Structure formats: structure tokens, C-alpha cells
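Below are my notes on the model, as numbered points. Please read them alongside the coordinates.

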Amino acid sequence: NQSVAENTLKETREEAGLNVRPVRMIAVQDRNKHNDPPYAYGIVKVFILCEVIDGDFIPNNETTENGYFGKDEIPEKLAEEKTNAEQIQMCFKANEAEHWETLFD
């Protein structure tokens with residue numbers, strides 16, 4: 001029972017220890033069209049560009065470590081069932097764009 005903005009704030013705080021301000025919606029994607037392996041059930045993924053207000057990362061049951069990377073420094077090993085390199089590059093493009101139109105399936 002949370003809006004996309006409310007859930008963005010909650011999940012970012014829980015998983016990354018950060019308080020953020022949602023800035024713009026980057027994309028809405030059908031997970032099975034963009035990530036492998038396919039799941040037996042449907043998931044809609046919403047990508048939100050945020051500005052960090054404050055906070056500190058604390059390892060937790062969903063995130064064991066964090067780090068900031070440039071678009072040419074993305075680690076080769078990703079949990080691609082969650083987020084793949086193409087999706088990360090999409091987010092960099094949205095951040096760099098003066099005018100971004102939300103992508104959706």
C-alpha cells in the first residue's frame with residue numbers, strides 16, 4: 001500500500017542506508033523481458049533517478065556492500081537476475097540527459 005515514491009524512499013533507506021529525493025522516473029520494465037532467468041510470475045520494475053540527501057550504508061540481509069562506479073567502471077560480475085549492465089547504462093543516460101522521456105514496455 002505504498003506509492004512508487006514512498007516505496008523508493010523506503011527501499012533505498014532499508015537497502016542502502018540512504019535518504020534520497022526522487023527526481024524522475026527513468027523506466028518501467030517487464031522484468032522477464034529484460035532479465036534472466038525468467039520468473040514464473042510477473043514483476044514490473046520501476047527505475048527512479050534520485051538525489052542523495054544523507055545517510056550511511058550498513059550491511060544488511062539484502063545488500064552486503066555498496067560502492068559508486070562511473071559508467072565505464074561497472075563490475076563485470078552483476079546479479080543480472082536483478083539488474084543488468086544495459087539497465088545500469090540506461091540509468092546513466094537518464095542522469096546525463098537534459099530532457100529524459102520515461103521508457104516503458
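1. E101 sits in the loop that joins helix 3 (85-96) to strand 3 (103-104); helices (H or I, at least four residues) and strands (E, at least two) are DSSP runs numbered from the N terminus. E101 is exposed, at a relative accessible area of 67%. The classes are buried under 20%, exposed over 50% and partly exposed in between, with a 1.4 Å probe and protein chains only. Although 74 residues separate E101 from A27 in sequence, their C-alpha atoms are 8.6 Å apart.

2. This is a predicted model, in which local features need pLDDT of at least 70 and side-chain atom pairs count only at pLDDT 80 or more, while totals for chains, interfaces and linings use all residues. Residues are numbered from 1 along each chain as its sequence is written, and side-chain values use heavy atoms, with hydrogens and water left out.

3. Three strands form an open sheet in the order 2-1-3, with mixed pairing; two strands pair if DSSP finds at least two bridges between them. Strand 2 (44-55) and strand 3 are the edge strands, each pairing on one side only. Strand 3 runs parallel to strand 1 (residues 18-30), and two bridges link them. In this pairing L103 of strand 3 stands opposite A27.

4. Helix 3 packs on the sheet and touches strand 1, strand 2 and strand 3, a contact being heavy atoms within 4.5 Å. The direction of helix 3 makes about 120° with that of strand 1. For these angles, axes are lines fitted to C-alpha atoms, for helices over the stretch in contact, and values run from 0 to 180 degrees between N-to-C directions.

5. Which residues of helix 3 are buried? They are Q87, I88, M90 and A94. Viewed down the helix axis, the buried residues of helix 3 fall within an arc of 155°, so they line one face; the arc is taken over directions from the axis to the C-beta atoms. E86 and K93 are exposed on the other side. The buried set packs against strand 1, helix 2 (31-34), strand 2 and strand 3.

6. T63 lies in the loop between strand 2 and helix 3 and is buried, with a relative accessible area of 17%. A polar atom of the T63 side chain is 3.1 Å from the backbone oxygen of E15. Leaving aside residues up to four places away in sequence, T63 touches E15 and F57.

Terms used
Polar contact = N/O pair within 3.5 Å; in protein donor to acceptor, adjacent residues only side chain to side chain.
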